[in-house]
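My notes follow in the order I took them.

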Amino acid sequence: MTVVVNGNNIDITIENEKTVGDVLKGLEEEFSKNDATTISITLDGTKIEADAFDSAAATPLSDSTKLELTVISVEELKESFAFEGKVAREIAGSMEEIPVQLQSGRDKEAGSVISRLADLVDSFCKTSSLASLFPDFYKSIKIDGKNINDFFSDFSPILTDFKQALEDKDTVLIGDLAEYEISPRLNAIADAVEGDK
């Protein structure tokens with residue numbers, strides 16, 4: 001059988017394993033020792049969704065079995081968070097300039113910052129969702145004294161108001177939210193995840 005982890009073939013010795021599930025169990029035990037876990041499984045070219053896992057796990061092994069796994073580790077998540085923290089810090093500085101940009105007709109520059117903000121929030125939420133697979137690590141992240149869920153429960157309505165203000169072209173509200181609500185929270189994200197956790 002062939003086992004591919006994150007795009008790399010790995011040597012695996014089959015001993016008493018009879019099914020795909022037996023192999024997955026052994027691999028997951030190894031990953032777990034290294035603070036890592038599987039986030040995606042492809043068996044013989046077909047991605048295995050959660051509801052099909054049991055039947056895929058029962059598949060008998062053969063020489064032609066090909067198992068492809070995507071694995072994520074706490075170390076990789078820390079790196080992702082650190083990168084997103086750096087981006088958050090950059091955008092926080094740029095958010096403070098949005099009022100001036102809008103008042104001086106530099107809408108394109110303001111739009112570019114807003115687009116980066118949307119990408120960052122999306123990316124940070126994806127990383128947080130993966131981090132939640134490691135409960136101890138996830139709980140260790142505090143943003144402004146809050147866990148990630150509580151922080152985003154508070155932050156989401158502000159982002160919704162900001163989106164509405166953009167649609168309404170309410171430059172005063174856009175400026176206020178950007179400078180006094182969003183920018184400080186982006187700095188709080190950066191403080192929480194930059195460097196070693």
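This is a predicted model: local features need pLDDT of at least 70, side-chain atom pairs count only at pLDDT 80 or more; totals for chains, interfaces and linings use all residues.

I started with the strand order. I found 5 strands in an open sheet, running β2-β1-β5-β3-β4, with mixed pairing. Which strands sit at the edges? They are β2 (8-10) and β4 (46-47), and each of them pairs on one side only.

Next I looked at β5 and its partners. Strand β1 (residues 2-5) pairs with strand β5 (residues 66-73) in the parallel sense, over 4 bridges. I checked who faces whom: V3 stands opposite L67 in β5, and V5 stands opposite L69 in β5.

In what sense do β3 and β5 pair? That pairing is antiparallel, and I noted 7 bridges for it. L43 has L67 of β5 as its bridge partner.

**Entry: salt bridges**

I moved on to charges. Side chains of opposite charge can pair when their charged atoms come close. How many salt bridges are there? The count comes to 10, and I wrote up several of them.

I took helix α5 (residues 107-131) to begin with. D122 and K126 both lie in it, 4 residues apart, which is about one turn of the helix. Their side chains meet in a salt bridge at 3.2 Å, N to O. D122 is partly exposed, with a relative accessible area of 42%. K126 is listed as exposed because its relative accessible area is 52%, and the cut-off for exposed is over 50%.

Helix α7 (residues 148-168) holds both K163 and E167, again 4 residues apart, or about one turn of the helix. I read 3.5 Å, N to O, for their salt bridge. K163 is exposed, at 52% relative accessible area. E167 comes out at 48%, so I put it down as partly exposed.

In helix α8 (residues 171-193) I looked up R185 and E181, which are 4 residues apart, about one turn of the helix. The closest N and O atoms of this salt bridge are 2.8 Å apart. Buried or partly exposed, I wondered about R185? R185 is partly exposed, at 21% relative accessible area; buried would mean under 20%. E181 is partly exposed too, at 30%.

I also came across a network: R89, D191 and E194 are linked by salt bridges.

**Entry: a negative patch**

Which residues form the negative surface patch? I listed D35, E75, E76 and E79. I followed up on D35, which sits in the loop between α1 (20-33) and β3 (36-43). Its relative accessible area is 47%, so D35 is partly exposed. Patch residues need over 30% relative accessible area and no salt bridge, so D35 at 47% clears the area cut-off.

How values were computed:
Residues are numbered from 1 along each chain as its sequence is written. Side-chain values use heavy atoms; hydrogens and water are left out. Patches are made of residues with over 30% relative accessible area and no salt bridge: like charges are joined within 9 Å, nonpolar side chains (Val, Leu, Ile, Met, Phe, Trp, Tyr) within 5 Å. Accessible areas come from the Shrake-Rupley method with a 1.4 Å probe; for residues, only the protein chains shown count as cover. A salt bridge is a side-chain nitrogen of Lys or Arg within 4 Å of a carboxyl oxygen of Asp or Glu. Lys and Arg count as positive and Asp and Glu as negative; His and the chain ends are not counted. The place of a charge is taken as NZ of Lys, CZ of Arg, CG of Asp or CD of Glu. Helices (H or I, at least four residues) and strands (E, at least two) are DSSP runs, numbered from the N terminus. Buried means under 20% relative accessible area, exposed over 50%, partly exposed in between (1.4 Å probe, protein chains only). Two strands pair if DSSP finds at least two bridges between them.
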